[in-house]
Amino acid sequence: VLGLLLFAAVFMILQEPYIRYISRISDAVQSISEGNLNTKVDVTGDDELSSMAANLNRMAEDIRQLIEKERE
């Protein structure tokens, strides 16, 4: 039981930066869905999460440009 608790604690400590990054991406998605297309997520690292953040930034920029073009 002690080993399991120790494993869980170490796992949570090691995963905490990823959880914060996912939370920032989630906050950005919420902000974009509310219409704030100037939202950007800092892209850190070279993994699936950073790829998702870069794609989210690109998507928001593309939508913003399309809206500006439509207004013209």
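This is a predicted model: local features need pLDDT of at least 70, side-chain atom pairs count only at pLDDT 80 or more; totals for chains, interfaces and linings use all residues.
I classed a residue as buried under 20% relative accessible area, exposed over 50% and partly exposed in between, with a 1.4 Å probe and protein chains only. I numbered residues from 1 along each chain as its sequence is written, and side-chain values use heavy atoms, without hydrogens and water.

Helix α1. I took helices as DSSP runs (H or I, at least four residues), numbered from the N terminus. I found that α1 covers residues 2-33 and reaches 44 Å from first to last C-alpha, close to the expected 46 Å (1.5 Å times one less than its number of residues). I noted a kink of about 45° at Gln15, shortly before Pro17; the bend is the angle between axes fitted to the seven residues ending there and the seven starting there. I listed its buried residues as Tyr21, Ile25, Ala28, Ser31 and Ile32.

Salt bridges. In α1, I located Arg20 and Glu16 four residues apart, with their side chains bridged at 2.7 Å, N to O.

I found Arg64 bridged to Glu61 at 2.6 Å and to Glu68 at 2.7 Å. I then traced shared partners, which join Lys40, Glu61, Arg64 and Glu68 into one network.

Definitions and conventions: Helices (H or I, at least four residues) and strands (E, at least two) are DSSP runs, numbered from the N terminus. A salt bridge is a side-chain nitrogen of Lys or Arg within 4 Å of a carboxyl oxygen of Asp or Glu.
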